[in-house]
Amino acid sequence: MSHRRRRTSSLARIVTTLAVAAASTLLTAGPSVAAGSGRAVAVPGPEAAVTAHLHDRGQQRTGAAAPAGRPVVKVTREAGAWAHGTAVLATEPGADRMPEGWLFIAHREKGSWQVAFDGEQRFAELSARSTLTRAAEKPLFADQDGRQPAARTDGITPLAGSDFRTGMALPWATGQTWAMTSGPHGWGGTEAPWSSADFAGGDQAVRAARGGTAYTMCTGWVRVIHDRGYSTDYYHLWSNISANGTAVGAGAFLGNTGTDVTCGGAAYGRHVHFGLRQNSAYVGLAGHGLGKWVVENGGAAYQGSALHGSVRVGAGGNLYNYGALGLNQGVIDANGGGSVNRRTGPGTGYAVSGSVADGATVTVSCSANGTSHTGRYGTTSLWNRLSDGTWVSDAYMWTGVNGAINGSC
Ligand SMILES: [Zn+2]
């Protein structure tokens, strides 16, 4: 509903090409002064090198000779041989394509700037060496190099390819109810992966789904880099924050829902176009948890639904933001029932010790095998011991992982 598909005319392509050529010339012509050299030596700034890198990335993506968009390069920190900033391939306001963007780090080596974008292997290496990388950024950037997150320090064991835990709330204040105006769709429209969803409602204040470091990519567009390789995008914002590696807590204000399309794309009615990324690439929302809801794809882009326990809400419906599900927590899913029995041990041979309601949040201490049961997602013999010592079958709990989330008992 936010984006419309339309063919780019050949005239538009020519105009874009000319605009890129003009921008490159201007940027190359603008010298900057080397900082900390003790004498004023004019050397070219990093903008031209970043713009060239952006051009290459755009061509890689489209495979076309024409550039994939209008470069918007912002150097936000520069000192000595280092520069950090944002690089965006913007499209025209109202166009069918959305902008794409990266964080960059540039390093001047033997008089020329070497550039890496987040998601490129060199980015993690440069971020570790750069004097401009902030303490809060170092561990997050190390996770954004396109590989699976390395050994974790939080005691949680990642299961490659099957871990859908985000530790994220929905992108507004916990306790508010907003509409999911559109279900899973592509960042740019109908293309895969369906990484994005549209939300509006409540006080219209868009907030960080999880803590991290925030960057203003473009007018109306904020990106937050999180731990575990995740990042989130928020677009079409009005009065958004101006951030440049700013540490933000979970629920930090980022901007208001709006219809901003300064950097391209279309927005029909105010909302936030929320996108999920992992290892510096858009990743399908489906199966991931946000605000204790599990996002589900529909038969077509912009449809779909979200599930909390056994309650399913379709696109256009209202979602209450329950806040973030902890990485060692689950949401009880009675698969249509009202509650699930707790047991004194891992199986139905153990005594019943009360029950827990559909949709309730539980904290898992550890897991063990027991009697086999079939829930919404299939059959499992895994049981989870809860923080109060009682046990519930993993068949009746959404955790985001097909397996133990907090070790074996
Ligand atoms: Zn959207």
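I take strands as DSSP runs of E with at least two residues, numbered from the N terminus. By that count, β15 covers 272-278 and β16 covers 281-282, and Asn279 sits in the loop between them. The model I am reading is predicted.

**Entry: overview.** I looked up the element counts for the protein chain and found 4 helices and 28 strands. The chain has 409 residues, and 47% of them are buried. Next I checked the contacts with a separation of 6 or more; residues 24 or more positions apart account for 60% of these.

**Entry: confidence.** The pLDDT of the protein chain averages 87, and 83% of the residues score at least 70. I noted two stretches below 50. Residues 1-39 form one of them, and this stretch has 61 contacts in the model beyond near neighbours in sequence. Residues 148-160 form another, with 11 contacts beyond near neighbours in sequence.

**Entry: β5 and β6.** I followed the hairpin of β5 and β6, which has 2 residues between the strands. The two strands run antiparallel and are joined by 6 bridges.

**Entry: helix α3.** Which residues of α3 are buried? In this helix, residues 121-129, I list Phe123, Ala124, Leu126 and Ser127. An α-helix has 3.6 residues a turn, so residues three or four places apart point the same way. I then looked for what covers the buried residues of α3, and the cover includes β5 (100-109), β6 (112-117) and α4 (137-142).

**Entry: Leu140.** I moved on to helix α4, where Leu140 lies. Is Leu140 buried or exposed? Leu140 has 24 C-beta neighbours inside 10 Å, and the cut-off for buried is 20 or more, so Leu140 counts as buried. I set aside the neighbours within four places in sequence and found Leu140 in contact with Gly212, Thr213, Ile225, His226 and Asp227. I also looked up Tyr230, which is 90 residues from Leu140 along the chain; their C-alpha atoms are separated by 8.8 Å.

**Entry: backbone exceptions.** Most residues other than glycine have a negative phi, and most peptide bonds are trans. I looked for departures from this.

- The peptide bond from Ala192 to Pro193 is cis, with omega near -5°. I place Pro193 in the loop between β7 (177-185) and β8 (196-201).
- Ser239 is not a glycine, yet its phi is positive, near 50°. Ser239 is found in the loop between β12 (230-235) and β13 (244-248). It has 12 other C-beta atoms within 10 Å and is therefore exposed.
- Asn279, also not a glycine, has a positive phi of about 50°. With 18 C-beta neighbours inside 10 Å, Asn279 counts as partly exposed.

**Entry: an open sheet.** I traced a sheet of 4 strands, in the order β17-β18-β19-β20, and noted that it is open and its pairing antiparallel. Which strands stand at the edges? They are β17 (289-290) and β20 (311-314); each has a single partner strand, so one side of each is left without a neighbour in the sheet. Strand β19, residues 305-308, is joined to β20 by 4 bridges. For Leu307, I found the bridge partner in β20 to be Arg312.

Note on methods:
Residues are numbered from 1 along each chain as its sequence is written. This is a predicted model: local features need pLDDT of at least 70, side-chain atom pairs count only at pLDDT 80 or more; totals for chains, interfaces and linings use all residues. Two strands pair if DSSP finds at least two bridges between them. Two residues are in contact if their C-beta atoms, placed from the backbone, lie within 7 Å. pLDDT is the predictor's confidence in each residue, from 0 to 100.
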